[in-house]
Amino acid sequence: MVETNLQQHINQQLFEKLELAYFCVDQSMRVIDASENLESYGYTGVITGANADDCVDFMFGLDAHTELDLPLVESPSGKKVSVSLLPGSTFLTVLISNASVQADQRQLLQQKANENELLVEQQIILMKQLETASEMLEQKNVQLEEASRLQTSFLSGVSHEFRTPLTSIMGYTNLVKQALESASDESSENDKVQHLRAVQRSSKHLLSLVENLLDHGKLDSDEIVVRPKATDLAEIFNDVKLLLKPLSDAKHIDFFVELDFEQPMMVVTDDSRLRQCLINLLGNAIKFTDSGSVRLTAVLSNDFLKVEVSDTGPGISEENLAKIKLPFWQAADTGKTGTGLGLTITERIIELMGGELEISSVLSSGTQVNFEIPAPQLNATLEPIAAVAPSFKQAKILLAEDDYDIADLIVMMLSERGYQVSHVDNGELALNALESQEFDFVLMDIHMPIMTGYDVLAELQAKGNTTPVAIMSASTVESDRAKAEQLGCFDYLIKPVEIDDVIRVMNLALEQ
Amino acid sequence: MLKKKICMVGDFSVGKTSLTQKFVNNVFSEKYLTTIGVKIDTAFINDTKLIVWDVAGRDSLSPINASYLVGANGIVLVCDGTRQSTVRDIKDIWQVVKERIGEVPTVVALNKADLEDWHIDAEQTAYFEEQGWQTFETSAKEGQNVKALFEALVSEIG
């Protein structure tokens, strides 16, 4: 009896210390016994006869035969409890004890551990991002170094390319000057003409270099424009031949030009763009060929012009072939200089002309460059300029140009052909002249002091003055041309202007 | 009334508690409070009472306590779309589930879909497809697909 009381006392103490609560269920999970303190954990309604899973959520899905420990279960009271399921032969006892202290301690540790692990994970991610950023920076650095190398090589190329024709211009001009100044001029008139032709060729070469440089700036903005017009195809090819022959002669390589069409041959194409492309392609071929030949063949068939430039140069590796059309790109191992722009621009121009530039090459054998562009054939031929409309020679022309060298040159050339030319050196004087006198045609610069060419055009438009005005401008920017055209200019000529072009435009205007 | 026991399992800090709380109480907290042990909640989908066991996440020191899974009718595997490791870990977690209670209906929540540094692509979730699990991009914060996730599981359980 004493022992039983003692046991009961001990049990009571343990139950109270551990805050033990319990309930028992039979095989069908009905409650058969429950301690009163279950409610302190928020388990209410645990009464004899009740279904265990109706009053205690964690009992759902469990059975009376499986021994199970469920540590740290959050009870309805919010306290964490440890649950032990102890199956017996006829019933299951479910013991619930308070685990709040253990849970709180665990919470602190686990929270810190998890936060630390998250930090480590984030650090790893950041490190990876840093590594990627660092790799990208390194790549950028390499690209910048390459860009810097290309820029240096470009500048040195530009310098070389410009100096070559300039040397020729200066040398031949000097020769002619000396011949004219010398009392005992031994050189023949023919020599002087040859020298001046060399100057002219080199000037055109220089102009094509400038055009390449300017066009490069327009590549990204899609500002390169082609302007097809009636032109003599044969004249273009012959000009190019004359221009480049001295270069091939200087290298002792053969230069063949084979044209499979009649001369003259009138077609519709942009002569200056085609000339620019041919100079670029042939210039490259001659530059890179040290022995053998360069061959230009042109075939006109069914209104399409097929051109091939082939050389017996060193050829281009497959790897370089992939890069060759990139701006500024130049093979590092050739020892040749250039701007690295010619091919990029030529490809774009050919594209705009409705063709495609194809390059094939075999190392040590040579390179072939082909393109085919529409060139609709015309039946008419261009009249020689000198024979055009003699009556127009009486026409009164006003020239507005602030550069006296250019003005003198144009006045001289037009006067030689019998035209009456008055010159003014700014826009305001041009406007005054047009108000006080009658002119048949105006040739005008854009950038002039006091009043620009645009201002004059605007004033003339406002006053209803219909005198045809041709603009001469050094700007190849398409928006400048558009602005002048909007203001009613008759034509827009790009400097340096050929006098023949001026006369052609002028006659066209006077005819109208 | 039908009752179903559902267990939310996955790595720590993937948003199991957030998804449960959004589903059960329509609340969301930005604060991260790690779950200790298990928290049991109830919710209804139509006439089915769901007893949702939000089980403490697996971490490098402690595996999932498989005792909690006993009697589960369905599993929601949760991973964090901004932490690829939590997607990879699903394979191991599934092994624990399978060993203890066998193959039960399962759906996957790719959680934290509202965050910008989402790193999950089809290659990483190919395993889920192989298993035939419906996968949901969820956001406990915005509630995206939360209800659909549980509805799909209930439908799978049948």
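**Notes on the two-chain model**

1. Setting aside residues within four places in sequence, Leu85(A) makes contact with Leu62(A), Thr66(A), Glu67(A), Leu68(A), Leu92(A) and Val94(A). The model is a predicted one. Leu85(A) belongs to strand β4 of chain A, which covers residues 80–87. Leu85(A) counts as buried because it has 22 C-beta neighbours inside 10 Å, the cut-off for burial being 20 or more. From Leu85(A) to Ile96(A) the C-alpha distance is 9.0 Å, with a separation of 11 residues in sequence.

2. The interface between the chains draws on 24 residues of chain A and 22 residues of chain B. On the side of chain A that touches chain B, β3 (68–74) and α3 (100–181) each contribute at least two residues. The most comes from α3(A), which gives 10 residues. Sorted by class, this side of chain A comprises 11 nonpolar, 6 polar and 7 charged residues.

3. Strand pairing also links the two chains. β3(A) pairs with strand β2 of chain B (residues 38–45) in the parallel sense, over 2 bridges. In this pairing, Glu74(A) stands opposite Lys39(B) of β2(B).

4. Chain B contains 5 helices and 6 strands. Read from the N terminus, its elements follow the order β-α-β-β-β-α-α-β-α-β-α. Of the 158 residues in chain B, 49% are buried. Among contacts in chain B with a separation of 6 or more, 75% are between residues 24 or more positions apart.

5. In soluble globular proteins, nonpolar side chains tend to be buried together. The largest nonpolar core in this model has 72 residues, and those with the most contacts inside it are Cys7(B), Met8(B), Val9(B), Trp53(B), Val55(B), Val76(B) and Leu77(B). Val9(B), for its part, touches Val55(B), Ile64(B), Ile75(B), Leu77(B), Ile93(B) and Val97(B), when residues up to four places away in sequence are not counted. Another core, of 32 residues, lies apart from the largest one; Val421(A), Leu431(A), Leu443(A) and Leu457(A) are among its members.

6. Chain A has an open sheet of 5 strands, ordered β7-β9-β10-β12-β11, with mixed pairing. Its edge strands are β7 (254–260) and β11 (358–362), each of which pairs on one side only. On average, neighbouring strands of the sheet are turned by 10° against each other, direction ignored. β7(A) and β9(A) (residues 293–301) run parallel and are joined by 7 bridges. Val257(A) has Leu296(A) of β9(A) opposite to it.

7. How do α6(A) and helix α8 of chain A pack, and at what angle? Helix α8(A) spans residues 342–352, and the two helices pack at about 145° with axes 9 Å apart. Their crossing is left-handed. Residues of α6(A) in the contact include Arg273(A), Gln276(A), Cys277(A) and Leu281(A), while those of α8(A) include Leu343(A), Ile345(A), Ile349(A) and Ile350(A). By class, the contact between α6(A) and α8(A) has 6 nonpolar, 6 polar and 1 charged residues.

Note on methods:
Residues numbered from 1 in each chain as written. Chains lettered and ligands numbered in written order. Predicted model: local features only at pLDDT ≥ 70, side-chain atom pairs only at ≥ 80, totals over all residues. Core = buried A, V, L, I, M, F, W, Y, C linked by C-beta atoms within 7 Å. Buried ≥ 20, exposed ≤ 12 C-beta atoms within 10 Å, placed from the backbone. Contact = placed C-beta atoms within 7 Å. Pairing = 2+ DSSP bridges. Helix = DSSP H or I, 4+ residues; strand = E, 2+ residues; numbered from the N terminus. Axes fitted to C-alpha atoms, helices over the stretch in contact; angles between N-to-C directions. Left-handed = near helix turned anticlockwise from the far one by under 90°. Nonpolar A, V, L, I, M, F, W, Y, C, P; charged D, E, K, R; others polar.
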